[in-house]
Amino acid sequence: MSTNPSVLSTQPVKKVVIAGGGTAGWMTAALLKKVLGKQVDVELVESEDIGIVGVGEATIPPIQVFNQYLGIDEKVFLKETNGTIKLAIKFENWRVKGDSYFHTFGAPGTNMGFCSFQHYFLRAQQAGLTESLWDFDLNYLACKEGKVGKINNPNPIFEMQYAYHFDSALYGQFLRRFSEKLGVKRTEGMIDKIDTDTTTGFIKELTLKNGTKVKGDLFVDCTGFRGLLTKQTLGTEFEDWSHLLPANSALAVPTKRFETTLPYTRSIAHHVGWQWRIPLTHRNGNGIVYSNDFMSDDEAEATLMGNLDSEALDTPRKISFTTGRTDKQWNKNVISIGLASGFLEPLESTSIHLIQSGIVRLLKMFPNEGIFQSTIDTYNAESKQEFETIRDFIVLHYHLTERTDSDFWNYMRNMDIPDRLKNKMAIFADSAAIFNDNNDIFRDASWLQVMMGQGSKPTDFHPAAKVPSNEDLLKTMHNLLRTKQQPLGHLTAHDQYLAQ
Ligand SMILES: Cc1cc2nc3c(=O)[nH]c(=O)nc-3n(C[C@H](O)[C@H](O)[C@H](O)COP(=O)(O)OP(=O)(O)OC[C@H]3O[C@@H](n4cnc5c(N)ncnc54)[C@H](O)[C@@H]3O)c2cc1C
């Protein structure tokens, strides 16, 4: 018997059972098996009678690292998932109707020494600079020309990060084949009954409708919004964030692809909610995200269908959700990953990233000879912080707006927001400074673009930006603008790149 008060179980973890075979389930299966090899058996249970969520997804750059861990070749990945390159999101109508800005994966400007680029940029504007912040961003310049590519120059001034748009259902199927080759066992069947240990409360076994029993030491709940293991069986509480992000509905519809594939996602705000356009190689993903408290389904459908750029290939599919997260992402011997762990609307394309970071966190803390409360608490604290920083970043887009044209925008503009976000917006507005929290996946450059794009105008900047003379500063800025243009000639039109 262990004397460590933190120990919950001394049973070695030799078998992991993953419930659910959507993107979350198969991403988890693939990486656990790849890293843990023969040390741990991995079995995934899924039911073909229950569909998966898959609407044509946009991602953020760390997805590249996930594929690299697995050793997946980028060309194969793009082909298998009908994927395209994403350099940015274009936000349209968010500050006011008719206005737009980009949130790119690049970084406007360059490292200027002691203080960040925006301080020099603001000072240069006072000195007569007419170019925008985004003119200093290579990703933005490439978006304007519809070009993509890899820049083989280690100078960070030429950094051009990218992610992908892809069909996550196809990604799941691809990872299924990949995982099965590695030795993951797939069991088809509907989970009907879940047994827990009467002493520890741990889940012991799943029973499928056909009577098959699946035992495990550790369970990963990837059953989507229903959270069959964590919410329905262990009773894990759900933290509801609808007061900050009231959207609770989406309608998704595929449309014909365009002749020219954009290298960015479009996010178009409407009088209530917003619409996404995600270019894939075989079709476009489209959808509207809205709150039923402010707009009916019929009105949402009319808004979506009236704002499509190409022919609809189906009728819209409704998906209902509640924004928030389970308060214990790891509860007893169950870790929830994917939609089972919580949901934040796809405004900044973060759900698949949260799947990835959940899996990586689990692997870093993977139990060996037993499960400890200390591990669970650390896992939960880190994931809470990560979810909250993403939530705040999404709230920023809605709250920092000048739109007054509906009850919805008036609510979003006037609602009370978390202190962390309040402080972040205030310090930027007062002094142009940006301070990031640990576990915030969005870097300063992201916060900068969205705060400036949504209309924040800092009233001051760092005194170091006043050191160069007006003339020297403008010269530096104009040199930088020219330098940022240099790689454009080496990039390729997006469709040509994909065809290659
Ligand atoms: C409107 C919308 C737009 C989105 N856009 C983006 C985006 O742009 N970028 C992004 O990163 N993410 C996006 N997402 C999120 C992304 O689609 C999901 O994170 C991703 O698909 C993972 O889903 P999942 O695997 O957790 O759940 P699901 O796809 O729902 O899979 C659940 C699995 O559980 C299984 N299951 C459930 N119950 C049982 C049972 N009783 N027995 C057996 N099996 C069972 C099902 O068979 C299925 O395999 C979006 C989500 C929505 C709703």
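Reply: **The shell around the ligand**

Domain 1 (7–83 + 166–243 + 322–390) and domain 3 (249–319) each give at least three residues to the shell around the ligand; these domain bounds come from an automatic or database domain assignment. Please keep in mind that this is a predicted model, in which local features need pLDDT of at least 70 and side-chain atom pairs count only at pLDDT 80 or more, while totals for chains, interfaces and linings use all residues. Residues are numbered from 1 along each chain as its sequence is written, and side-chain values use heavy atoms, with hydrogens and water left out.

Let us begin with who is there. The ligand is surrounded by 34 residues, and the closest are Val53, Glu57, Ala58, Ile191 and Ile352. Sorted by class, the shell holds 19 nonpolar, twelve polar and three charged residues. Here Ala, Val, Leu, Ile, Met, Phe, Trp, Tyr, Cys and Pro count as nonpolar, Asp, Glu, Lys and Arg as charged, and the others, Gly among them, as polar.

Next, you can look for the pieces of chain that carry these residues. At least two shell residues come from each of helix H1 (23–36), strand S4 (57–58), strand S18 (274–279) and helix H9 (351–364). Helices (H or I, at least four residues) and strands (E, at least two) are DSSP runs, numbered from the N terminus. H9 has the largest share, with three residues.

Now zoom in on the polar contacts, meaning pairs of N or O atoms within 3.5 Å; within protein, one must be able to donate a hydrogen and the other to accept it, and residues adjacent in sequence count only if both atoms are side-chain atoms. Glutamate 57 uses its side chain: one of its N or O atoms there is 2.6 Å from an oxygen atom of the ligand. Valine 53 takes part through its backbone, with a polar atom 2.8 Å from a ligand oxygen. Alanine 24 also uses its backbone, where an N or O atom lies 3.0 Å from an oxygen atom of the ligand. On its own, the ligand has 1,000 Å² of accessible area, and the protein covers 98% of that. Such areas come from the Shrake-Rupley method with a 1.4 Å probe; for residues, only the protein chains shown count as cover.

Here are the other places to look up. In helix H11 (residues 407–414), the buried residues are Phe408, Trp409 and Met412. Their arc around the axis is only 90 degrees, so they lie on the same side of H11; the arc is that of the directions from the helix axis to the C-beta atoms. Asp407 and Asn414 are exposed on the other side of H11. Buried means under 20% relative accessible area, exposed over 50%, and partly exposed in between (1.4 Å probe, protein chains only).

Two backbone angles also deserve a visit. Most residues other than glycine have a negative phi. Asparagine 82 is not a glycine, yet its phi is positive, about 55 degrees. You will find asparagine 82 in the loop between helix H3 (74–80) and strand S5 (84–86), and it counts as buried because its relative accessible area is 19%. Alanine 432, not a glycine either, has a positive phi of about 65 degrees. Alanine 432 sits in the loop between helix H12 (419–431) and helix H13 (444–453) and is buried, at 0% relative accessibility.

Two last stops follow. Serine 9 belongs to strand S1 (residues 7–9) and is buried, at 14% relative accessibility. A polar atom of the serine 9 side chain lies 3.1 Å from the backbone nitrogen of glutamine 11. Proline 458 is in the loop between H13 and helix H14 (470–485), and its relative accessibility of 15% makes it buried. Although proline 458 and leucine 122 are 336 residues apart in sequence, their C-alpha atoms are 8.3 Å apart in space.

Methods
A residue is near a molecule or strand if one of its heavy atoms lies within 4 Å of it.
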